[in-house]
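This briefing goes through selected features of one protein chain. The points are grouped by topic and should be read alongside the sequence and structure.

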Amino acid sequence: MSGGTSAVKPLRKYKLVFIGDQSVGKTSIISSFMYDTFDAHYASTIGIDFVSKSVPVDDGTVRLQLWDTAGQERFRSLIPSYIRDSHVAVVVFDITNRESFASTAKWIADVRAQRGNDVVIVLVGNKTDLAAQRQVTSAEIEACANEQDIMFIETSAKEGFNIKLLFRRLATALPSLENSAAATTEPQVINLTVQQPNSSGGNGASESQTCGC
């Protein structure tokens, strides 16, 4: 009879691809999560960068593989190949830049073209620390997420607001989402955002009722 030590469960690995226009804060979000740092003078990502980090979850640990893609148009052709085998697509825009919000429609369409519904999509409105310059309201972000059937969250990479929450929620949800992947259920629309202290939030103008994406 063997001494019977139970087999170690293999480390579950999940690929998260960060996409969105240039200068919306994709690299800053990843750096805030990985290193608790913020640099106001990040150089633009050239091509694709990769880092990974283990995150504890209820029944063990998962390894999040974070792929940071360039937002410039000249690198656009590289991105579909990285989306193709991803578990999560994190679509980032800048809440102070309406054009970057409008662009999320094409980024989400790119993800759907490669992965259909076999992927978790999260819409991330970054730079809540610049609330006074906000051009996209919280109501618009929620409307867009509902229209697209995706999760959404507002973050500030500079202040670390909701950064750990974003990754923790994804790390916790991914194993169960993977187990139910065979079922063709519709994605859940989930607001991951917690209230930011002293935040003006989305002081929803009436125009915010239509989805900018």
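**A buried arginine and the nonpolar cores**

Arg 115 is buried but forms no salt bridge, and the nearest side chain of opposite charge, that of Asp 118, is 4.8 Å away. The model is predicted, and the chain has an average pLDDT of 82. Its largest nonpolar core contains 29 residues.

- Arg 115 belongs to helix α4, which covers residues 104–115.
- The side chain of Arg 115 does reach the backbone oxygen of Asp 118, at 2.7 Å.
- A polar atom of the Arg 115 side chain also lies 2.9 Å from the backbone oxygen of Ser 86.
- Beyond its neighbours within four places in sequence, Arg 115 is in contact with Ile 83, Arg 84, Asp 85 and Ser 86.

**Nonpolar cores**

- In the largest core, of 29 residues, those with the most contacts inside it are Leu 16, Phe 18, Leu 64, Leu 66, Val 122 and Phe 167.
- At least two residues of this core come from each of β1 (12–19), α1 (26–35), β2 (48–57), β3 (60–69), β4 (88–94), β5 (120–126), β6 (151–154) and α6 (163–179).
- Helix α6 gives the largest share, 7 residues.
- Another core, apart from this one, has 22 residues, including Trp 67, Phe 93, Trp 107 and Phe 152.

**Leu 16**

- Leu 16 is part of strand β1.
- Leu 16 counts as buried because its relative accessible area is 0%.
- Leu 16 and Leu 66 are 50 residues apart along the chain, yet their C-alpha atoms are separated by 5.0 Å.
- With neighbours within four places left aside, the contacts of Leu 16 are Leu 64, Gln 65, Leu 66, Trp 67, Val 88, Phe 167, Leu 170 and Leu 174.

**Helix α1**

- Helix α1 is mostly covered, with 9 of its 10 residues buried.
- Among the buried residues of α1 are Lys 26, Ile 29, Ile 30, Phe 33 and Met 34.
- Asp 36 follows α1 and has a positive phi, near 55 degrees.

**Confidence**

- A pLDDT of at least 70 is reached by 74% of the residues.
- Over residues 181–187 pLDDT stays under 50, and the model has 4 contacts beyond four places in sequence for them.
- Residues 199–211 also stay under 50, with 16 contacts beyond four places in sequence.

Methods: Residues numbered from 1 in each chain as written. Predicted model: local features only at pLDDT ≥ 70, side-chain atom pairs only at ≥ 80, totals over all residues. Heavy atoms only, no water. Core = buried A, V, L, I, M, F, W, Y, C linked by side-chain atoms within 4.5 Å. Buried < 20%, exposed > 50% of the residue type's maximum accessible area, 1.4 Å probe, protein only. Helix = DSSP H or I, 4+ residues; strand = E, 2+ residues; numbered from the N terminus. pLDDT = per-residue confidence, 0-100. Contact = heavy atoms within 4.5 Å. Lys, Arg positive; Asp, Glu negative; His and termini not counted. Salt bridge = Lys/Arg side-chain N within 4 Å of Asp/Glu carboxyl O. Polar contact = N/O pair within 3.5 Å; in protein donor to acceptor, adjacent residues only side chain to side chain.
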